[in-house]
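Dear colleague,

Please find below the structure that I am handing over to you. I would be grateful if you could look through it before reading my notes.

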2 protein chains.
Amino acid sequence: MTDDAIHDTETRLRLRIYFGDGAMLGPGKADLLERIRDTGSIAAAGRTMSMSYKRAWSLVEEMNKAFREPLVDSTRGGAKGGGAHLTEAGETVLSNYRKLEEITAEAGAARIGLIRSMLRDIPEGK
Amino acid sequence: MTDDAIHDTETRLRLRIYFGDGAMLGPGKADLLERIRDTGSIAAAGRTMSMSYKRAWSLVEEMNKAFREPLVDSTRGGAKGGGAHLTEAGETVLSNYRKLEEITAEAGAARIGLIRSMLRDIPEGK
DNA sequence: TTGCGATATGTTTTCCAAACCATAACTGGC
DNA sequence: GCCAGTTATGGTTTGGAAAACATATCGCAA
């Protein structure tokens, strides 16, 4: 890929979208979605980011309520106790958020670099 | 200006830059810088955003310590009790942050709009 | 029918950033 | 020599979010 120009550092740009009401989407929920997709479970996803199941679940609930169609579909019981997976809507939201991150990081690289260069301790390019 | 295509809504994209160490720059500090520039005083700036002087000052201190050159220069006593103003570095950081916001909002408008359109209650375009 | 692993949800406790309060120090002008 | 208005700091309090703890439920498989 073209992230050769952005071997950057530990410098990170995190963005959060605030919608009119209380709804918002940020790095936390995006990561959670991603891990749910990867693990197939809310509990497992939470574990990988050392987040309590309760918190993970409540974030999922928030998202499912905020969007017209739920982003996460979950089932209880069964062979492995149950599980969860991203819906079509969930995949769409996640991928768009990720792409948004990518776009902004690229578009703003120069300005970010400038600000970063003015710091007292320039964090060494890791 | 060209913000005709972005009469958007109350939907807002807020971004925060995390640097390697604890230093970070986000909407709060940017707003504070802007108001200090406009009012010529840390206290007045804080007042306009209903932020305690203490907090405003500690944010300023944080920034001044994080950057090689202080972003805010302040003086005590005198005719009007004192005051504060942005240094050259302060102006630079602020304007670059604002421009960064502008760029990202523009570059990501389509994706943001898509996600927003999937919300249950589409916040009416204000 | 018992057990397991996950979802689902309520209750209590903890913790920390922010708010609040209080005080000192500076300085030009009156 | 005070006064006004601000910068500069220290201490205490607290509101609210996150963590921690506690259950209940589900459904397949053995």
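This is a predicted model: local features need pLDDT of at least 70, side-chain atom pairs count only at pLDDT 80 or more; totals for chains, interfaces and linings use all residues.

Helix 4 of chain A runs over residues 88–107. Its 20 residues reach 28 Å from the first C-alpha to the last, close to the 28 Å expected at 1.5 Å a residue. Within this helix, A:Ala89, A:Gly90, A:Val93, A:Leu94, A:Asn96, A:Tyr97, A:Leu100 and A:Thr104 are buried. These residues lie on the same side of helix 4 of chain A because they cover an arc of only 165° around the axis. In an α-helix, residues three or four places apart point the same way, because there are 3.6 residues a turn. The buried residues of helix 4 of chain A pack against parts of both protein chains: strand 1, strand 2, helix 1 and strand 4 of chain A, and helix 4 and helix 5 of chain B.

Of the atoms of DNA strand C that come within 4 Å of the protein, 69% belong to sugar and phosphate. The residues of this surface comprise 5 nonpolar, 9 polar and 7 charged.

A backbone N or O atom of A:Ala43 lies 3.1 Å from a phosphate oxygen of DNA strand C.

With kind regards

Notes
Residues are numbered from 1 along each chain as its sequence is written. Chains are lettered from A and ligands numbered from 1 in the order in which they are written. Side-chain values use heavy atoms; hydrogens and water are left out. Helices (H or I, at least four residues) and strands (E, at least two) are DSSP runs, numbered from the N terminus. The expected span of a helix is 1.5 Å times one less than its number of residues. Buried means under 20% relative accessible area, exposed over 50%, partly exposed in between (1.4 Å probe, protein chains only). The arc is that of the directions from the helix axis to the C-beta atoms. Contact means heavy atoms within 4.5 Å. A residue is near a molecule or strand if one of its heavy atoms lies within 4 Å of it. A polar contact is a pair of N or O atoms within 3.5 Å; within protein, one must be able to donate a hydrogen and the other to accept it, and residues adjacent in sequence count only if both atoms are side-chain atoms. Ala, Val, Leu, Ile, Met, Phe, Trp, Tyr, Cys and Pro count as nonpolar, Asp, Glu, Lys and Arg as charged, and the others, Gly among them, as polar.
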